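Reader: I would like to learn how to read helix packing from a model. Please take me through a case.

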Amino acid sequence: MTVPHLIVREVILVQVVVIGLAIAAFLFDAPLEGIANPLETPNPAKAPWYFLGLQELLHYFPPIVAGVLLPTLVVIALVVIPYARINLAAGPLWAGKGRGTALALGAAWGGLVVLFGAFACWPIVAPSLGIAGAMILARGGEKGGRLRRALARVTLPEWIMTWFVTIAVLLTLIGIFFRGPGWSFVWPWSAAPPG
């Protein structure tokens, strides 16, 4: 069913993209710096964008925690998640759940906020509080407005994934745009750190 209809469309699209990239490469120079000089290290020395979230965590936590413990916990979670039965019977978070679920979730979010707050890791604390607030807003939302009804349909795995993706994107954006010399916080439009 996919040959030739879908395959022909995909080949045409690939050719259009390659031609577009070749034209862009001819028209625009890559924003490369000069030849590398081992005697002059850039300040800050940033990792590639896909590791900037991890490098940002190194700013807040000791190296053993940010470089070994947290990535290991993430990998273990990714290995264990497919075996969790929660995905087989996942329904809305608050469907048929009572006060015990609310207390357990409140304790979990409170523990996260206290843990990350103790290390002054506010880029994780702020979104954690926002997502916890949205989860609380979702409770009893079946009878609320459009937003509360939409939040009430979200499952626990979706809430956890939303939190994880939000944290990863926020840490990466902070590392890309808001870190300047000496790994100090700077505004993206300013050349030097404030102060």
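Reader: Which helices do the buried residues of α7 pack against?

Author: In this predicted model, the buried residues of α7 pack against α2 (52-60), α4 (99-118), α5 (122-138) and α6 (146-152). Those buried residues are Trp159, Trp163, Ile167, Leu171, Thr172, Ile174 and Gly175.

Reader: What should I know about spacing along a helix?

Author: An α-helix has 3.6 residues a turn, so residues three or four places apart point the same way.

Reader: How are two packed helices described?

Author: By the angle between their axes and the distance between the axes. Here α2 packs with α3 (residues 63-80) at about 135 degrees, the axes being 7 Å apart. That angle is why α2 counts as oblique to α3. The crossing is right-handed.

Reader: Which residues meet where α2 and α3 pack?

Author: From α2, Leu54, Leu57 and Leu58; from α3, Pro63, Ala66, Gly67, Leu70 and Pro71.

Reader: Is glutamine 55 buried or exposed?

Author: Glutamine 55, which lies in α2, counts as buried because its relative accessibility is 18%, and the cut-off for buried is under 20%.

Reader: What does glutamine 55 touch?

Author: Leaving aside residues up to four places away in sequence, glutamine 55 touches Ala45, Lys46, Ala47 and Trp183. A polar atom of the glutamine 55 side chain lies 2.8 Å from the backbone nitrogen of alanine 47.

Methods. Residues are numbered from 1 along each chain as its sequence is written. This is a predicted model: local features need pLDDT of at least 70, side-chain atom pairs count only at pLDDT 80 or more; totals for chains, interfaces and linings use all residues. Side-chain values use heavy atoms; hydrogens and water are left out. Buried means under 20% relative accessible area, exposed over 50%, partly exposed in between (1.4 Å probe, protein chains only). Helices (H or I, at least four residues) and strands (E, at least two) are DSSP runs, numbered from the N terminus. Contact means heavy atoms within 4.5 Å. A polar contact is a pair of N or O atoms within 3.5 Å; within protein, one must be able to donate a hydrogen and the other to accept it, and residues adjacent in sequence count only if both atoms are side-chain atoms. Axes are lines fitted to C-alpha atoms, for helices over the stretch in contact, and angles run from 0 to 180 degrees between N-to-C directions. Angles under 35 degrees count as roughly parallel, over 145 as roughly antiparallel, 65 to 115 as roughly perpendicular and the rest as oblique. A crossing is left-handed if the near helix is turned anticlockwise from the far one by less than a right angle, and right-handed if clockwise.
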